[in-house]
Amino acid sequence: MNSPSSSIPQDGLFDASLVERLEPVDDGLMDANGGERKRFRAFEPDAVMLVPPSLEEWLPEGHLARFIAELVENELDLTRFYASHKKAKGQPPYDPRLMLRIVLYGYCTGVRSSRQLERACTDVVALRWLAAQQAPDFRSIGRFRQRHLAALANVFLQALELCRAAGMVKLGMVALDGTKLRANASRHKAMSYARLTEKQKVLAQEISDLMAEAKTVDESEDAKFGPGKRGDELPVELANRQARSKAMAAARASLEQEAADKARAEAEEKAAKRGDDDDEITGAGDTAARKAEPKPAAQRNFTDPEARIMKTADGSYHYCYNAQAVVDAGHQVIVAAELGQGANDYGQLVPMVERVQENLGMMPKTLSADAGYCSKANLVEAGRMEAEHGTGFFISTARVKHATPIPESPRGRIPANATLGERMARKLKTKPGKQVYSRRKVIVEPVFGQIKTRQGKHLLLRGLQNAQAEWKLLAAGHNLLKLHAFRAQGAG
């Protein structure tokens, strides 16, 4: 007589004839009149599921993954990615097309960390299809992103050009705004200048004591340092303190340099306004820089020293970068994206307008910006660019609460002695000014909301240069999502 185990097929599947099939249980409540039970759809979790043999059949036509694959294969210039692989020796790396497909899809859908992408290449059908079931590990993904960071940032320009070719960018009306992006830096890994100065003294004494102890304890070398060691290796506690001391010194030097640079710039500006000559201006700057001292409360973060503490929209303070974007009104395409360390927006107006011209080779017809960009220097530059390129600038001169109506246009001639700010305020009260500025919020502010909701609120990469590249990659993902939707509607 055969044992029950002998009847089980060798391919690992159970013998269906030995399994008693039960009818699905109608597990529901009686109705109010004691009638028939509610019937449910059959639920058989142990049933064998026959799936398509090819992942190609799992993705519907028009899926974002197919759009990304088509872009990488036929529309993006991958020269920069391949150019960095010059050595023929070594283990063959993953094809840049494969890696770019999964990175772009990840940045479009909010799956950005290397470990998340590694898991998703196994668990998520779209990424598994994009990776051709190769599932690169998180180290390979991280190395690809770091190695090709500049090329990935350049994808923003290529995506922008594709949007323009599709007719999505007109530059008739654009809006400029900024948003705070959280840096990959903990507030608990930071220290103020006053605390740094105090802690450096304590560490210096601790290091001195440990060095003296290491030199005098010769008899316990074997017990302390282990057999086979020379006995002059640094103790772990000493090495840790020296590393902390080095990090603190670098943070303190950075704060002092920042204070000196700021003092120099302010002194040189004042000297120039007084009419001093070049030597006097330089001398004033040097003197101010030598005397400058950081404020005691000025801070530096040890995980990302280049991030700055900023007030965010919810009123709290975090280590952030200031992300800037110029958005075209037609389809909310980002036409310029930059990222900086300054908490305010004053210094960003002119560079962002110039970046639009660099990216697209032309200037917008009108540009609107909120009161954060209003300064005398910016209004002077706006007047110059308006005269040179014909761009109309509409910059708010005072912060206005949401839903507050713009005052009626004043009548009569503009006073001859009106300041630039008064002239701009008067311009915003005119009928064309109202029409342009009322569109600002609906052009640019939803873009930041869309990015933070779909793609992520935080930056993963540390350091200004890396964070800058990641912001451009996020902007590229936003534009690609817009292009995908545009083509899906049959308009492109």
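Start in helix H7 (residues 149–165) and select Arg164 and Glu161: they sit 3 residues apart, which means about one helical turn separates them. The two form a salt bridge, with the closest N and O atoms 3.3 Å apart; the term requires a side-chain nitrogen of Lys or Arg within 4 Å of a carboxyl oxygen of Asp or Glu. Helices (H or I, at least four residues) and strands (E, at least two) are DSSP runs, numbered from the N terminus. Arg164 is partly exposed, at 28% relative accessible area, and Glu161 is partly exposed at 37%. Buried means under 20% relative accessible area, exposed over 50%, and partly exposed in between (1.4 Å probe, protein chains only).

The model is predicted: local features need pLDDT of at least 70, side-chain atom pairs count only at pLDDT 80 or more, and totals for chains, interfaces and linings use all residues. Residues are numbered from 1 along each chain as its sequence is written, and side-chain values use heavy atoms, with hydrogens and water left out.

The whole structure holds 13 salt bridges. Next, select Arg440 and Asp177, another such pair, with the closest N and O atoms 3.4 Å apart. This pair links distant parts of the chain: Arg440 is in helix H16 and Asp177 in strand S1 (residues 173–182), 263 residues apart. Both Arg440 and Asp177 are buried.

Move to helix H12 (residues 349–360), where Glu358 and Arg355 are 3 residues apart, about one helical turn. Their salt bridge has its closest N and O atoms 2.5 Å apart. Glu358 is exposed at 55% relative accessibility, whereas Arg355 is partly exposed at 25%.

Now the aromatic rings. There are 2 aromatic pairs in the structure. Rings of Phe, Tyr and Trp (its six-membered ring) pair if their centres lie within 6.5 Å; planes under 30 degrees apart count as stacked, over 60 as edge-to-face and the rest as tilted. Select Phe81 and Phe144, a stacked pair at 6.0 Å centre to centre, with 10 degrees between the planes. Phe81 lies in helix H2 (residues 79–83) and Phe144 in helix H6 (residues 138–147), 63 residues apart. Both Phe81 and Phe144 are buried. Then select Phe448 and Trp471, a tilted pair at 6.5 Å and 35 degrees. Phe448 is in helix H16 (residues 440–454) and Trp471 in helix H17 (residues 464–488), so the pair ties together parts 23 residues apart in sequence. Both Phe448 and Trp471 are buried.
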